[in-house]
Amino acid sequence: MKSITVLKTVTLSLLIFGLATPVGAQHCTVKQGDSMWRIAKRYHVNFHHLKGLNNHFKDHDVIYPNDKVELPNGSEGHSTNENSQTDNIEHGNSEAEQTETSQALEILKLVNVERKKQGLKELILSHNLNGIATEKAKDMKNKNYFSHESPTYGSPFEMLQQFGVHYSYAGENIAAGQKTAKQVMTDWLNSSGHRANILNKDYTELGVGYVEGGSYGAYWVQLFIKP
């Protein structure tokens, strides 16, 4: 049965290892708002491959403006003109991306309020996980489904693996139809499975995806991991 507000949850403990072969000598300079995932998307480079080229970063989620990110040689990276065309979208200048970012920050704030009440450590917002969660939300909207199992990426755990995310624990919350971050958090917290993810003591990082449109009007995704 469908309604305006729909919720699902899944939790699973997995350990996934990925391999990448470093090659290439080109590089790009990190700009404000960049993440490794966004750079991979902008240059049409496999995210897993890009991380393998940049093992000099202790944490691929932590990169700063003016850092140098190695890129593959040849056709995998695109031209300067193409880069210029995408910069306005990739660096948060679009209204849609600004909305997504504000929703992610609001969800993080509400999650950490609840965790603090339980004496739990606050979660850190991961730009890479935000990107993956947003891709999942877009996938649900564009392909008109509501499920943890994506026809494009498979399970949440398979999707994390495809994007090169290493973790020991992972979980996903999804929702559709809620108009505000506060509303979706209230619904998640009133559901035992979703609440268990939000208050799981093992998780350390959070990614939030939010897109408007589609048959439900809005799609929400939370991705939790412990590296």
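This is a predicted model: local features need pLDDT of at least 70, side-chain atom pairs count only at pLDDT 80 or more; totals for chains, interfaces and linings use all residues.
Residues are numbered from 1 along each chain as its sequence is written, and side-chain values use heavy atoms, with hydrogens and water left out.

The protein has eight helices and seven strands, where helices (H or I, at least four residues) and strands (E, at least two) are DSSP runs numbered from the N terminus. Of its 227 residues, 50% count as buried; buried means under 20% relative accessible area, exposed over 50%, and partly exposed in between, with a 1.4 Å probe and protein chains only.

A pair of aromatic rings is described by the distance of the centres and the angle of the planes. Rings of Phe, Tyr and Trp (its six-membered ring) pair if their centres lie within 6.5 Å, and planes under 30 degrees apart count as stacked, over 60 as edge-to-face and the rest as tilted. The structure holds five such aromatic pairs. One of them is stacked, because the rings of Y203 and F224 have centres 5.3 Å apart and planes at 20 degrees. This pair links distant parts of the chain, since Y203 sits in the loop between α8 (192-198) and β6 (205-213) and F224 in strand β7 (residues 217-226), 21 residues apart. Y203 is buried at 4% relative accessible area, and F224 is buried as well, at 0%. The rings of Y216 and Y219, by contrast, have their centres 5.8 Å apart and their planes at 80 degrees, so that pair is edge-to-face. Y216 is buried with a relative accessible area of 16%, and Y219 is buried at 0%.

The structure also has three salt bridges, each a side-chain nitrogen of Lys or Arg within 4 Å of a carboxyl oxygen of Asp or Glu.

| Salt bridge | N to O distance |
|---|---|
| K117 and E114 | 3.3 Å |
| E172 and K136 | 3.1 Å |
| D202 and K201 | 3.5 Å |

E172 lies in strand β5 (residues 169-176) and K136 in helix α5 (residues 127-143), so their pair ties together parts that are 36 residues apart in sequence. Here E172 is buried at 1% relative accessibility, and K136 is buried at 1%. K117 and E114 both lie in helix α4 (residues 95-117), three residues apart, about one turn of the helix; K117 is exposed at 57%, whereas E114 is buried at 14%.
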